[in-house]
Amino acid sequence: MFCAFDHSMMARAINRAERGRCITTPNPFVGCVIVKQGRIIGEGHTQRGGRPHAEAIALESCTVSPQGATVYSTLEPCCLHTKSRGPACSDLLVSAKVARVISAVHDPFEGVDGCGHSRLREAGIIVDIGLMEGAVREQLRAFLTRVTRRRPWVTLKVATSFDGKTALANGQSKWITGADARRDVHRMRAEACAVLTGIGTLMADDPQLTVRDVPCDRQPLRILLDSRLDISDSARILDGGNLLVVTAAQNEGRESQLTARGVDVVRVPVEQIKGKVDLRKMMEMFAVRGLNSVMVETGAKLNGSLLAAGVVDEIVAYVAPSILGDPARGVFALPAFTSLADRTELSITDVRQVGADLRVTALMKEK
Ligand code: AOF
Ligand code: ZN
């Protein structure tokens with residue numbers, strides 16, 4: 001169904017889509033290429049804030065009439081027409097009288113979910129789905145996770161010594177990994193919709209959780225999980241707004257003090273058994289707020305709880321060439337296992353050296 005030329009055009013659309021990474025959220029970053037008689041006549045990607053969509057930009061950029069053209073789109077063209085957001089891409093393609101639309105992935109978003117493809121077919125346009133689907137699923141994994149699993153894509157970042165320790169027993173941890181690795185972490189933050197930490201880490205390290213060491217024109221939302229609202233008024237994270245505090249506490253006084261400082265405070269139900277914030281519910285709430293991805297930078301307790309709650313997709317570990325010894329602190333606080341069958345298994349997807357350190361990326365293995 002697809003020839004080598006089709007593959008190269010979809011690859012081009014996938015590349016083009018990258019221009020929208022980080023700036024279209026919660027909308028997915030889509031790429032579109034329009035071809036007529038073997039020549040590219042237009043292309044585009046989703047714009048800042050999610051509109052205009054890739055197809056609308058590509059159609060507008062056409063150097064000749066797109067009538068009879070083939071359109072390569074990384075995502076199913078939408079069928080959502082709203083006054084404020086603009087016309088539906090499938091309608092624009094129908095009006096432009098294109099001959100064929102090739103898309104990589106069906107859009108599971110409930111407002112679309114196949115209706116874009118059907119609208120095109122009803123208008124007599126040939127529609128072929130699934131070209132380079134794997135690559136686009138990977139590219140749009142955060143958006144697709146939010147829409148289909150109703151929680152964000154969650155990446156845990158950890159920085160450890162060669163023997164897997166994050167800090168000395170006395171809490172000293174600055175710095176285990178080198179400057180290059182720390183800059184790489186800022187790049188990761190820049191790509192995330194939000195960066196999450198816990199109150200323990202906040203008290204120990206007083207992090208700002210902003211993107212500083214790399215160019216970035218959009219700061220991710222900063223999220224603090226603070227069950228009892230213990231945050232101190234002098235915490236640096238309180239500067240600069242853009243902070244969501246997730247709590248289980250019903251402390252209206254403290255809540256309104258924080259709100260007065262521009263902080264968004266949200267209460268999440270506690271788990272019946274442990275009496276702690278229900279991490280799954282917290283993630284669902286993030287999805288409802290349109291967060292496609294959350295990067296977690298926190299201590300062993302919350303790391304362990306997130307892992308145990310089954311809400312982690314990926315772990316990125318920066319491993320430094322130094323040994324801290326067994327009394328030093330570990331990465332994941334988990335109950336003692338009695339059987340190796342209880343271990344969490346990962347599959348490594350990438351290994352590279354960053355400065356003097358190693359960066360290992362791994363996905364959680366499906367159980
Ligand atoms: C497309 N082309 O470039 C993108 C699409 O909020 P709206 O009205 O902009 O619609 C958002 C939905 O449209 C979004 O959740 C996703 O399903 C789809 N995004 N569709 O045809 C694009 N970015
Ligand atoms: Zn659209």
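The model is predicted. The protein buries 92% of the 510 Å² that ligand 1 exposes when taken alone. Strand 11 pairs in the parallel sense with strand 6 and also runs parallel to strand 7. Strand 11 is among the elements that cover the buried residues of helix 6.

**Ligand 1**

- Around ligand 1 there are 18 residues. Those that come nearest are Arg-51, Ala-54, Glu-55, Cys-78 and Asp-107.
- By class, this shell holds ten nonpolar, three polar and five charged residues.
- Asn-27 places a polar side-chain atom 2.8 Å from a nitrogen atom of ligand 1.
- The side chain of Thr-46 has an N or O atom 2.8 Å from an oxygen atom of ligand 1.
- For His-53, a side-chain N or O atom is 2.9 Å from an oxygen atom of the ligand.

- Strand 11 spans residues 293-296.
- Its side chains point two ways: Ser-293 and Met-295 one way, Val-294 and Val-296 the other. All four are buried.
- Strand 6 (residues 153-160) pairs with strand 11 over four bridges. Here Val-154 stands opposite Val-294.
- Strand 7 (residues 194-198) is joined to strand 11 by three bridges. Here Leu-196 stands opposite Val-296.

**Met-295**

- Is Met-295 buried or exposed? Met-295 counts as buried because its relative accessible area is 2%, and the cut-off for buried is under 20%.
- Leaving aside residues up to four places away in sequence, Met-295 touches Thr-155, Lys-157, Val-185, Met-188, Arg-189, Ala-192, Ala-194, Val-195 and Leu-196.
- Among these contacts, Thr-155 and Lys-157 belong to strand 6.
- Ala-194, Val-195 and Leu-196 are also touched by Met-295 and belong to strand 7.
- Val-214 is 81 residues from Met-295 along the chain. Their C-alpha atoms are separated by 17 Å.

**Helix 6**

- Helix 6 runs over residues 141-149. Its buried residues are Ala-142, Phe-143, Leu-144, Thr-145, Arg-146 and Val-147.
- Which elements cover these buried residues? The cover includes strand 4 (100-105), helix 5 (133-139), strand 6, helix 10 (279-288) and strand 11.
- Arg-150 follows helix 6. Its phi is positive, near 55 degrees.

Technical notes
Residues are numbered from 1 along each chain as its sequence is written. Chains are lettered from A and ligands numbered from 1 in the order in which they are written. This is a predicted model: local features need pLDDT of at least 70, side-chain atom pairs count only at pLDDT 80 or more; totals for chains, interfaces and linings use all residues. Side-chain values use heavy atoms; hydrogens and water are left out. A residue is near a molecule or strand if one of its heavy atoms lies within 4 Å of it. A polar contact is a pair of N or O atoms within 3.5 Å; within protein, one must be able to donate a hydrogen and the other to accept it, and residues adjacent in sequence count only if both atoms are side-chain atoms. Accessible areas come from the Shrake-Rupley method with a 1.4 Å probe; for residues, only the protein chains shown count as cover. Ala, Val, Leu, Ile, Met, Phe, Trp, Tyr, Cys and Pro count as nonpolar, Asp, Glu, Lys and Arg as charged, and the others, Gly among them, as polar. Helices (H or I, at least four residues) and strands (E, at least two) are DSSP runs, numbered from the N terminus. Buried means under 20% relative accessible area, exposed over 50%, partly exposed in between (1.4 Å probe, protein chains only). Contact means heavy atoms within 4.5 Å. Two strands pair if DSSP finds at least two bridges between them.
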